[in-house]
Amino acid sequence: MTKGSILGTGKLVAFAATKNSAKAREFYEGVLGLRLVEDQQPFALVFDANGTMLRVTTVNEHNPAPFTVLGWSVASIADTVDRLTAAGVEFQRYPGMNDSDPRGIWTAPGGARVAWFKDPDGNVLSVTQY
């Protein structure tokens, strides 16, 4: 085997789990505005996340991870947070991240600004402005 790119030219596919595909569809399509590509019930919903395939897989049991599983880089985090808040999304605040502004946007030491929220299954999602 030679050194080099094994998956560097492959397209990334992202996954998230859901116990309730109807709620997941309403959230990812209706709230976040992702385009539904295919409804593969009872297995998954397939969304186009700006060129990345997102498969929201239906599962019987789900214990959400305590960390971010999906994130989006955005041009204006303040505008994005305001629009998501207006759509009913609640932003998370985490202990030790006292730099959060009233919207829940945290400024990282390197300058990136991040805000976290959850989908209906408790998966942690984020938006970041670099």
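This is a predicted model: local features need pLDDT of at least 70, side-chain atom pairs count only at pLDDT 80 or more; totals for chains, interfaces and linings use all residues.

**A look inside the core**

Author: Ser-21 sits in helix H1, which covers residues 21-31. Is Ser-21 buried or exposed? Its relative accessibility is 17%, so Ser-21 counts as buried, the cut-off being under 20%. Setting aside residues up to four places away in sequence, Ser-21 touches Gln-41, Leu-45 and Thr-58.

Now for the core itself. The largest nonpolar core has 24 residues, and the members that touch the most others are Tyr-28, Phe-47, Leu-54, Phe-117 and Val-127. H1 is one of the elements giving two or more residues to this core, along with helix H2 (77-86) and the strands E1 (13-18), E3 (44-49), E4 (52-58), E8 (113-118) and E9 (124-129).

Take Leu-54 from that group. Ignoring neighbours within four places in sequence, Leu-54 is in contact with Ala-14, Phe-15, Ala-16, Tyr-28, Leu-34, Leu-45, Val-46, Phe-47 and Leu-70. Leu-45 turns up again here, as a contact of Leu-54 and of Ser-21.

There's also a second, separate core, made of six residues, among them Trp-106, Ala-108, Ala-112 and Trp-116.

Val-13 belongs to strand E1, and Val-13 counts as partly exposed because its relative accessible area is 33%.

How values were computed. Residues are numbered from 1 along each chain as its sequence is written. Side-chain values use heavy atoms; hydrogens and water are left out. Helices (H or I, at least four residues) and strands (E, at least two) are DSSP runs, numbered from the N terminus. Buried means under 20% relative accessible area, exposed over 50%, partly exposed in between (1.4 Å probe, protein chains only). Contact means heavy atoms within 4.5 Å. A nonpolar core is a set of buried Ala, Val, Leu, Ile, Met, Phe, Trp, Tyr and Cys residues joined through side-chain atoms within 4.5 Å.
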